[in-house]
Amino acid sequence: IPLLANQCVRSIAVDLDDESLCTEIIDDFERAECFNSIAIYRESAGVCELIDSDSKHDSCLHSVAVASANSSACQLIEGSNSRFTCLAFTLRNESLCARINSSRAVDYCALRVAALAPFNSTCSIVSNLTVKDDCILNIAVGTIDERVCELILDAPKKQSCLTQVSESLER
């Protein structure tokens, strides 16, 4: 029952746009999610400062930056990988993904940027071939360019790409 009460208070706090109600929530996760929801709604990094957990705090800042399309909140993120991911997403700049020190995280960062900004992406920094094909598919569909599908190595994925682009052209 306490979890339901926490979720209820969170829902009311968000509906009323009143972060003071979030402080009444006992569960740490629900309290952080309450502040996060209000921060996104207000597009205010200041509300994220009320979150105790470092990882939830950084996640809140990332969410605010993406929701507001304003990279200034990214600069407040402690972890460098998270900061560069945030900057890459908000600035829609694939080259910022290369500054992340985990190849898997670099790949998924580039994949997401390709979906957000297909005209600004090349997927050249992606090392995993499966992810690279997905990244190229995002660019092809986003730019509605069948020629880009030809760069995909996996035959079924290439065909899926061509079908998706063709369907987009018909709309």
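I took a disulfide to be a pair of cysteine sulfur atoms within 2.5 Å, and by this rule I count six disulfides. The model is a predicted one, in which local features need pLDDT of at least 70 and side-chain atom pairs count only at pLDDT 80 or more, while totals for chains, interfaces and linings use all residues. Residues are numbered from 1 along each chain as its sequence is written, and side-chain values use heavy atoms, with hydrogens and water left out.

I looked up Cys74 and Cys86, whose sulfur atoms are 2.0 Å apart in a disulfide, and found -70° about the S-S bond, a left-handed link. Cys74 lies in the loop between helix H5 (54-68) and helix H6 (80-91) and Cys86 in helix H6, so the pair ties together parts that are 12 residues apart in sequence. Helices here are DSSP runs (H or I, at least four residues), numbered from the N terminus.

I then turned to Cys123 and Cys135, joined by a disulfide with 2.0 Å from S to S; the torsion about their S-S bond is about -85°, so this disulfide is left-handed. Cys123 is buried at a relative accessible area of 0%, and Cys135 is buried at 0% as well, where buried means under 20% relative accessible area, exposed over 50% and partly exposed in between (1.4 Å probe, protein chains only).

Last, I checked the order of pairing: with the bonded cysteines numbered in sequence order, it reads 1-2, 3-4, 5-6, 7-8, 9-10, 11-12. Cys8 is in no disulfide, and the nearest cysteine sulfur, that of Cys34, is 11 Å away. I noted Cys8 as partly exposed, at 43% relative accessibility.

Definitions and conventions:
Helices (H or I, at least four residues) and strands (E, at least two) are DSSP runs, numbered from the N terminus.
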